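Student: I have a protein model open and would like to learn how to read it. Could we go through some features together?

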Amino acid sequence: MRTTAVAVFALALAIAAAGVVVVFLLEESLDRSVTESARSTGRQVAIQLVREGARDLSASDVASTGDTEAVTQVLNSRGLPIASDPAIVGHPALTAARPAVGHETIETLPLGLNGDSDDYRVVSQQVNGPGGPYTVVSARSLEPVTEASTRLTLLLGLIAIPLLAISGFAVYRAVGSALRPVERMRRTVAEISTRDLAARVALPPGGDEVHRLAVTLNEMLGRLASAQAAQRRFVADASHELRSPLSTISTALDVSGRHPESTGDLVPVIGRETARLRELVDDLLMLARTDDTTDRPSRTEVDLDDIVRAEAERVRGECALEVEVRAGPAKVRGSEAQLRRAVRNLVDNARGHARSHIRVTSSVRGEFAVVEVSDDGPGVAEADRDRIFERFVRLDASRQREHGGTGLGLPIVAGIAARHGGRARYAASGEPGARFVLELPVLDLPEEES
């Protein structure tokens, strides 16, 4: 409706402007025609006066149309009428203008003939002749010009009304037809429930903005469906992971209740499963924090090389593996607790798969601070190098729990890296084993601190 109103208003302005121009041109043309007609009539009488003078001049010689639409009058040197159109016999001089000989005066005057107030175009010419000089006054009414412009204005107005109505209807239908696919898309999207995101918006023909809007809506619905499927998988996997230690603890408590003498043997099992349950809950909470875009942890200056050294020392004290450390200076800005958790997960992942050697390094490459953790274990197949960053993914289903972990360590690393504007990836190398890389935007230091 707004588009139609604006279009009709703009068209009305255009028609009004065009009408004004047309009426103005018509009035100007008719005005020149009236002036030229009065001049021509006066010139004919002037020619006769130059030849014969006013002695034999009669009313019929100066008669124009027989009415007051066009009248002619001849004045003597004192400005008194000596010959007048029959329609104005006895009427005083039509004008007081006295142009020089060979010149003319053009005026627009309300002559008041027959009691009307119409304007006349009055052309006065001064001529010399026998008994002269004489002033020939020729006047023509401008009423036909006014009537013609009025009629044309009314005609344009009458034409404009149906034209505006037709144009408004056409614009309304055209805009409605253009927006009809949008309304269909709106209804389709409104009918899609959160339980079923399989429906898609029908693509309208063509490659215009509405078509691209439909494509974008379908892509958004696809992303929502993928996110919903991932959420369902996450809930199912988390439920499965939580059920396993809970079942073990429940079974152990049931056995302990029936056989109190075996309680001492079951305490380590319950403790181990409780620790596993705590680890899983902690990982789930960390994933929830990395997914929450509204969570804004405090960001400080963090030395990645200090974290690398601390985690390497921790692993040395917990296992017999050879740990190689190359900690070059690397400063970033972020949450120290989260970054420490990311490096620890990478180191623990390497420890769980290494045969005898782990390498942990930190450095700065261009605009990124880089932490690399590699091991001499079996490595990761090329087809699985992206999948390992998905949640609850274990490449070896037969691995022991203490080695397999919860399947959330690497996804947590990827989430923390993304929260800090970086990324985590698997880097192929010519050496045996796996190599994981954590890249974070390096902290720009002032010149005096660099």
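Predicted model: local features only at pLDDT ≥ 70, side-chain atom pairs only at ≥ 80, totals over all residues.

**Reading a helix and its partners**

Student: Where does Val21 lie, and with which residues does Val21 form a nonpolar patch?

Tutor: Val21 belongs to helix α1, residues 2-52. Together with Phe24 and Leu25, Val21 makes a nonpolar surface patch of about 300 Å² of accessible area.

Student: Why would residues a few places apart in a helix point the same way?

Tutor: An α-helix has 3.6 residues a turn, so residues three or four places apart face the same way.

Student: How far does α1 reach from its first C-alpha to its last?

Tutor: It spans 75 Å with 51 residues, close to the 75 Å expected at 1.5 Å a residue. Just after α1 comes Gly53, with a positive phi of about 80 degrees.

Student: Which elements do the buried residues of α1 pack against?

Tutor: They pack against β1 (70-75), β3 (104-110), β4 (119-127), β5 and α2 (143-191). The buried residues of α1 include Ala38, Thr41 and Gly42.

Student: Is Ser138 buried or exposed?

Tutor: Ser138 sits in strand β5, residues 134-141. Its relative accessible area is 1%, which means Ser138 is buried, as the cut-off is under 20%.

Student: What does Ser138 touch, beyond its neighbours within four places in sequence?

Tutor: Its contacts include Ala38, Thr41 and Gly42, along with Val71 and Arg121. A polar atom of the Ser138 side chain lies 2.9 Å from the backbone oxygen of Ala38.

Key: Residues numbered from 1 in each chain as written. Heavy atoms only, no water. Patch = residues over 30% accessible without salt bridge, like charges linked within 9 Å, V, L, I, M, F, W, Y side chains within 5 Å. Areas by Shrake-Rupley, 256 points an atom, 1.4 Å probe, with all protein chains shown as cover. Salt bridge = Lys/Arg side-chain N within 4 Å of Asp/Glu carboxyl O. Helix = DSSP H or I, 4+ residues; strand = E, 2+ residues; numbered from the N terminus. Buried < 20%, exposed > 50% of the residue type's maximum accessible area, 1.4 Å probe, protein only. Polar contact = N/O pair within 3.5 Å; in protein donor to acceptor, adjacent residues only side chain to side chain. Contact = heavy atoms within 4.5 Å. Expected span 1.5 Å × (residues − 1).
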